[in-house]
Amino acid sequence: MDYFLYRGNELYAEDVAVAQIAEQYGTPCYVYSQQTLERHWHAVDAAFAKHPHRICYAVKANGNLALLRILAELGAGFDIVSGGELARALAAGADPQKIVFSGVGKTTTEIRQALSAGIGVFNVESLPEIHRINDIAASMNKIAAVAVRINPDINAHTHPYISTGLAHNKFGIDKNDVLAVYKTIQQLPALKAVGMACHIGSQILELSPFAEALSCVLQLVTALKEQNIILQHVDIGGGLGVCYDAETPPSLDDYAATLLNTLQKQAPYPLDLWLEPGRVIVANAAILVSKIEYIKETASKTFAILDAGMTDLVRPALYDAYHKIIAVKKLTQKEIMVDLVGPVCESSDFLGKSRLLAINPGDLIAIRSVGAYGFSMGSRYNARPRCAEVLVYKDKTQLIRRRETIADLLSHEQQQPFVKMQGLGNDFVLLDLDENSEVWSSEKIKQLAHRQTGIGFDQLLMIKKKEDNQFHYKIYNADGGEVEQCGNGARAVALYLTLKNKIDNSKALQLLTCNRLMTVKRVGPQRFKVDMGPPDFSPAAIPLQLPLQDQYEIVLDNKTYRFAALSMGNPHAVLRVEAIDNAPVQTVGKALCLHPSFPKQSNVGFMQIIGKHRLALRVYERGVGETLACGSGACAAAIVAIRDGYCQSPVTVHLMGGELIIHWQGKNEPVWMEGDAQCVYEGAL
Ligand code: LLP
């Protein structure tokens, strides 16, 4: 039973019309029904309720994080087969103890990852793997819990590509060797045998192969008991089939009854039963919605050519699998016999053959029962971006995987360009997100900011176009932390955009920072004026935990220091000194920066008035120390000098890294900062 039903002539996913989902998210698109998923989970769980059991959902069937999260919240364990699936399960909030790691080819890295995460058990499949896990666990001072996956040599009567329990398959350890393998495990110091596992194949439609497989496992468990090797659980794997067409898979109750009866009759002592179902939980919880691009008549056949293909759903191409295909809107016109094919350049690229459908070009169709091994087996063949995935719950839809873009396709093969800029002694690396550069994590920023081992920079600037002459602008310090605004950086951005012809300099450039919009105007070939916003003297804005005053006093080491304080988007304290060269930047600067009155710390400027329109400045920068240049610090100093009557606008501020001109008409007028910028290097990573 699922929640993809017609209401009148319209196909619905729960309470949402599928056509509306296609309209909103585009096609092709996987549409999942949360209620169907939950219902199937509960059905499996309830069928085994009377026996201690653990259900480890097979992530390979569908690893979408949103679906895994739903299952994790319902209490599911997870069966994984790679480091990637481990990461998915953990990201979805899985309990590591409930993770089973299956698969014949676990790498050293994956084993280490799994041991660090503290997973429940490794289902081991060969002696070399057993030794490898032991060695790694020993080196990490851990004990790894293992279950041997046996190969019971049973025919599950399923497609040869998905049968796994026959002696000639690569899976499991030959049942005749199993006892010796457990003895080896017993002798390895970093391993503990806790269970025995098997998995005989997938889409199995009979009960007898399961009963036989479990019986084989239990005979081996009994033989082990005679050797004093006692286990806690048996794991029967996954594999129960579903109905795609006219199959009649066993009901979950019959499946459970068969397994529990076998267990009751043949278990030598009480054993928990573990399962690894994938398909039976997700298969019917999704449809793939696709649009008919063309209807093509040939001498022998009519083809409906879809915008979905074998890259979105490979099961028909790979296993000749059958999926029901239905129209999203039922039409009353005559049905035609069509092969539904994709756009991929392979004759195996079909989704359904010889189907009778009432369809026209432009119509939507839904391919049913694609939740398992649908999206997860997709590819990008023919340079096709992977499609979107949408989750429906009642009348709500949620995009749970965005459609890939062409940029996504190219990103792993292209170098990421960056530009190195300078503005007044500060150096910046600029990433233009419209030029194939990706957002850097704070880890990466820290690593690449390093002057010996990275590219070396004071700040990282990231920009992305919003509209003409308007860009998003983000600023990060070398420690990876985000900064509210940087005027020197804004000039560097303006120069970059000018050099790349990305803006019209007859108009102002607008930069959207995380908290305001900065305007930048070009005033010379490499010279720009940046609107830094109005100053704010209120203690709350700075923030400063002292009542508002023009001059604050703080005693440090028995000496009283007077300073003004204001916010220029970031906190500043400004002290006037007589001689800039011996200003106590390192001592008083640092002490004031870290003073408890500034709960977010403060930048501290020491200024010497030189004339009506000139001052010299040194700055102790929050989180950095003494800096060659600080644009907002220059603004803060000039504002205090103007407010206190020492200077008049414009004020040239002389910093160690160079000069800036600050314009301010007083009060709530914005402060304009004028200075040069330079582009010093262009490279790629
Ligand atoms: N446990 C192990 C160790 C497995 O290898 C598998 C599936 C399962 C559990 C889950 O089996 P399920 O309950 O989903 O049948 N791509 C194929 C199916 C491959 C199954 C691989 N192993 C298909 O589209 O039919």
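In this predicted model, the shell around the ligand takes at least three residues from domain 1 (63-277) and at least three from domain 2 (284-402). The ligand is surrounded by 17 residues, and the closest of them are Ser202, Glu276, Arg315, Tyr319 and Tyr373. Sorted by class, this shell holds six nonpolar, five polar and six charged residues.

| Residue | Protein atom | Ligand atom | Distance |
|---|---|---|---|
| Lys60 | side-chain N or O | oxygen | 3.5 Å |
| Gly239 | backbone N or O | oxygen | 2.8 Å |
| Glu276 | side-chain N or O | nitrogen | 2.6 Å |

The size of an interface is often expressed as the accessible area lost when the parts come together. Between domain 3 and domain 4 the buried area is about 950 Å², with 47% of it coming from carbon and sulfur atoms. On the domain 3 side, the residues that lose the most area to domain 4 are Leu424, Glu484 and Gln485, which together account for 48% of what that side buries. As for specific interactions across the interface of domain 3 and domain 4, the rule finds zero salt bridges, while one residue pair is found in polar contact, with both residues at pLDDT 80 or more.

Definitions and conventions: Residues numbered from 1 in each chain as written. Predicted model: local features only at pLDDT ≥ 70, side-chain atom pairs only at ≥ 80, totals over all residues. Heavy atoms only, no water. Near = heavy atom within 4 Å. Polar contact = N/O pair within 3.5 Å; in protein donor to acceptor, adjacent residues only side chain to side chain. Nonpolar A, V, L, I, M, F, W, Y, C, P; charged D, E, K, R; others polar. Domains from an automatic or database assignment. Buried area = accessible area lost by both parts, 1.4 Å probe. Salt bridge = Lys/Arg side-chain N within 4 Å of Asp/Glu carboxyl O.
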